[in-house]
Amino acid sequence: MDKKKSNKLVNFVTNPKYLMVLATIGIFLVIYAAGIIMYGDKGFAKLRTFMMLFVDNAYIGISAVGMTMVLITGGIDLSVAAVASLTGMFIAYGTTVLGLDPVLCMAFAILVGVLLGLGMGALVTYLKIPPFVATLTGMFLARGVCSLISRESISINNELIDKMAGWKLYFMKYSGGEWVKIKPVAYINLNVVLFIVMIIIGTIILQKTRFGRNVYAVGGNEQSARLMGLPVDKTKMMVYGFNGFCSALAGIAYALYVKSGWNLALQGGELDVISAAVIGGVLLSGGVGYMIGTFFGVLLKAVIPSLITFNGTLSSWWGKIITGALVLLFVALQQIVMHGKLFKKKGTPHKKE
Amino acid sequence: MKKSKESIFKSKLAWAVVAELLILLVAGILEPNFFHIEYNATTGMFYGSLIDIVNRSAEITIIAMGMTMVIALGGTDISVGALVAVAGAFALKLLRWDVTLYPTPGDYTIKPFILVILVPLLICTAMGLFNGVLIGKFKLQPIIATLILMVAGRGIAQIATNGKQFTTGYTPFRFIGQGSMFGLPFPIVITIVVCAAVMIFVRKTAFGTFVESVGVNPNASRVTGLKSDKIIMIVYTLTGFLSGVAGLIYSSRISSCDSNNAGVNYEMDAILAVVLGGTSMTGGKFSLVGTIIGSLIIRTITTLVYYFGITSESIMAFKAVIILIVIVIQSEPVGKWLATRQARRQKVGELRG
């Protein structure tokens, strides 16, 4: 009986489907533990430091939810950061320059995000344009429109936005007959709530709905999915539309985070999002990936700059190099896990992406 | 007679030439002085908008030579922009070596000039080889393999220069980007030499055919005895080397290194030049002449847009619209639709006699 149970556990761990996610969680825990051992006395172990990982990277995480789905269908979206930047610009220009209601601006931004996503989805799905090129066009378009609106950074001074950005949920503990804030003050803000809610929604969509299973099927083998009669085109369109929604939501989160709109904001952010998903075990060839992996991918990517800050002597550019190395590590791991060996003699995935 | 007319309209190269001529025509109508080329006897140089367009397109043209073959293989290389920054950073590092010891920029070099040229090229070639090994040997997807260096490359460049911006006044180095030879700006001379060398290598040997063969079907090519992985590695290494050349020209133009902004979006421009030149993103046939024209089209549009007084960032929106038109025309379903339409017309024409 006991042996059966342990067998089950071994099977679970060595299952290639879960191995990538477990590796991400493992490496995150190792790095975090190493951080606590090295810089625990400087405050790395504090709850506040841990919560700041979420606060500072919530917008990347929100965008990564949509990106995970796109990557699982075997596509890629390079436009996410540009769309997020455009959203921030809409909110900033709308509220500060035009004096519009911020809710209206956000709704408009989300509408634009979804429409852009659907547009790129249509290029990919119906015109058979490689996702890389189609979304590159979307990125150019979003950035260009952003610059057409304004070249300068516009700060957001709006009561409602301030209220939303300033909203905090403190961790309380019960001591001495009343609830007091845990010190040093650890809090989560609206962005973190959005991030976690989006991860949960993404998990439910992928694991519990018919649409989610279609997403995996399309990514696994589009031809087979089509022959099985699954709505391949509709699924792809919906995935790109959902990703557009996530990008716009990430843009709102970023606008709340920096309280301004800038046409050059988040430059190169799409690579942050993609590398977070890859580190989280999402296979770029499609068909494999979990939201929880992406969640830890975002955290793992976030903990590195945090460690470098705590070190204090290292140049912050090491963060980029280490991220590059981590992507390399995980891609190599994927190769080993999925194909059993690093060198693959037969077949080549070079052609299809 | 009829047949040749058809083939001209089917040739994508012809479309690119027509597009470039149309843009030039618009430019000529708007600005009658546009085609005016002036010879200055004292400096021995030609001046004019056309010369300027060719001069300024040098970096993208050189990179796009390599990118054409990368795309013909069915891949992409998004690390070229970072490699441009790396080449500039190392060249300036060798010129200035230790800024604390030699604080003022002047007409001197610390390390021999030959090293200033060779070391950056060597490093970029090695980075290209790194991409090539990951893609050719380890069969990683090109986007993700080159993503690693795109993220890490700028970090390496920053660390090489300690995050500082060096400037130099060393005349031989400044000659690369600012000098002139045979009355032409030196970057044009470099571009002509590089393009000629690549074309001879590709078209006078069987290498170009090998690349096209691997791009169409890697497995079939391997079965017929082509060493696909070696061809892939050579192409990516060459692209790395060419990015290094472009990086030297760029840093010489501005007489300094700028690891943050050097080569930003070069990968996008290079891919755009290739696609405009008629090489399909799905791999296979490629046209180096088309790529040169594609690069010129991009630069002409940029110059024209500047002429209208539109900001440099907003050019992206125009680029987006142009790519959109090109990729929609190039896409498979539209092509089929056009072909069937043409066939039907022909039939109607035959019936009518």
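This is a predicted model: local features need pLDDT of at least 70, side-chain atom pairs count only at pLDDT 80 or more; totals for chains, interfaces and linings use all residues.

Mentor: Let's take the confidence scores, then the contact between the chains, then some single residues.

Trainee: What about the mean for chain B?
Mentor: Chain B has a mean pLDDT of 81, and 94% of its residues reach 70 or more. Here the stretch below 50 is residues 1–9 of chain B, which has one contact in the model beyond near neighbours in sequence.

Trainee: Switching to the inside. Which residues touch the most other members of the largest nonpolar core?
Mentor: Ile62(A) and Val86(B), in a core of 210 residues. The largest share of this core, 15 residues, comes from helix 11 (residues 232–258) of chain A.

Trainee: What does Val86(B) touch, then, leaving out residues up to four places away?
Mentor: Its contacts are Ile123(B), Cys124(B), Met127(B), Gly153(B), Ile156(B), Ala157(B) and Gly247(B).

Trainee: I was also looking at helix 5 of chain B. At what angle does it pack with helix 13 of chain B?
Mentor: Helix 5 (residues 80–96) and helix 13 (residues 266–276) of chain B pack at about 125 degrees, and their axes are 6 Å apart. That angle makes helix 5 of chain B oblique to helix 13 of chain B.

Trainee: Which residues make the contact?
Mentor: Val80(B), Gly81(B) and Val84(B) from helix 5 of chain B, with Tyr266(B), Glu267(B) and Ala270(B) from helix 13 of chain B. By class, that is four nonpolar, one polar and one charged.

Trainee: And Ile78(B), where does that one lie?
Mentor: Ile78(B) lies in the loop between helix 4 (58–72) and helix 5 of chain B. Ile78(B) is buried because 20 or more other C-beta atoms within 10 Å is the cut-off, and Ile78(B) has 26.

Trainee: Which residues does Ile78(B) touch, not counting those up to four places away?
Mentor: Ile143(B), Thr146(B), Leu147(B), Met150(B) and Glu267(B). Take Leu147(B): Ile78(B) and Leu147(B) are 69 residues apart in sequence and 6.3 Å apart in space, C-alpha to C-alpha.

Trainee: Now Phe90(A): buried or exposed?
Mentor: Phe90(A) counts as buried, with 28 C-beta neighbours inside 10 Å. Phe90(A) is in helix 4 (residues 80–97) of chain A. Leaving aside neighbours within four places in sequence, Phe90(A) is in contact with Cys105(A), Phe108(A) and Ala109(A).

Trainee: And Phe210(B), buried or exposed?
Mentor: Phe210(B) is buried, with 20 other C-beta atoms within 10 Å. Phe210(B) lies in helix 10 (residues 207–216) of chain B. Beyond four places in sequence, Phe210(B) is in contact with Leu226(B) and Ile231(B).

Trainee: Last topic, backbone angles. What is phi of Lys128(A)?
Mentor: Near 55 degrees, a positive value in a residue other than glycine. Lys128(A) is in the loop between helix 5 (102–126) and helix 6 of chain A, and counts as partly exposed with 13 C-beta neighbours inside 10 Å.

Trainee: What about phi of Lys259(A)?
Mentor: Phi of Lys259(A) is near 55 degrees, again positive and not in a glycine. Lys259(A) sits in the loop between helix 11 and strand 6 (260–261) of chain A. Lys259(A) is partly exposed, with 17 other C-beta atoms within 10 Å.

Trainee: Great, thanks for your time!

Technical notes: Residues are numbered from 1 along each chain as its sequence is written. Chains are lettered from A and ligands numbered from 1 in the order in which they are written. A nonpolar core is a set of buried Ala, Val, Leu, Ile, Met, Phe, Trp, Tyr and Cys residues joined through C-beta atoms within 7 Å. A residue is buried if 20 or more other C-beta atoms lie within 10 Å of its own, exposed if 12 or fewer, and partly exposed in between; C-beta atoms are placed from the backbone. Helices (H or I, at least four residues) and strands (E, at least two) are DSSP runs, numbered from the N terminus. Two residues are in contact if their C-beta atoms, placed from the backbone, lie within 7 Å. Axes are lines fitted to C-alpha atoms, for helices over the stretch in contact, and angles run from 0 to 180 degrees between N-to-C directions. Angles under 35 degrees count as roughly parallel, over 145 as roughly antiparallel, 65 to 115 as roughly perpendicular and the rest as oblique. Ala, Val, Leu, Ile, Met, Phe, Trp, Tyr, Cys and Pro count as nonpolar, Asp, Glu, Lys and Arg as charged, and the others, Gly among them, as polar. pLDDT is the predictor's confidence in each residue, from 0 to 100.
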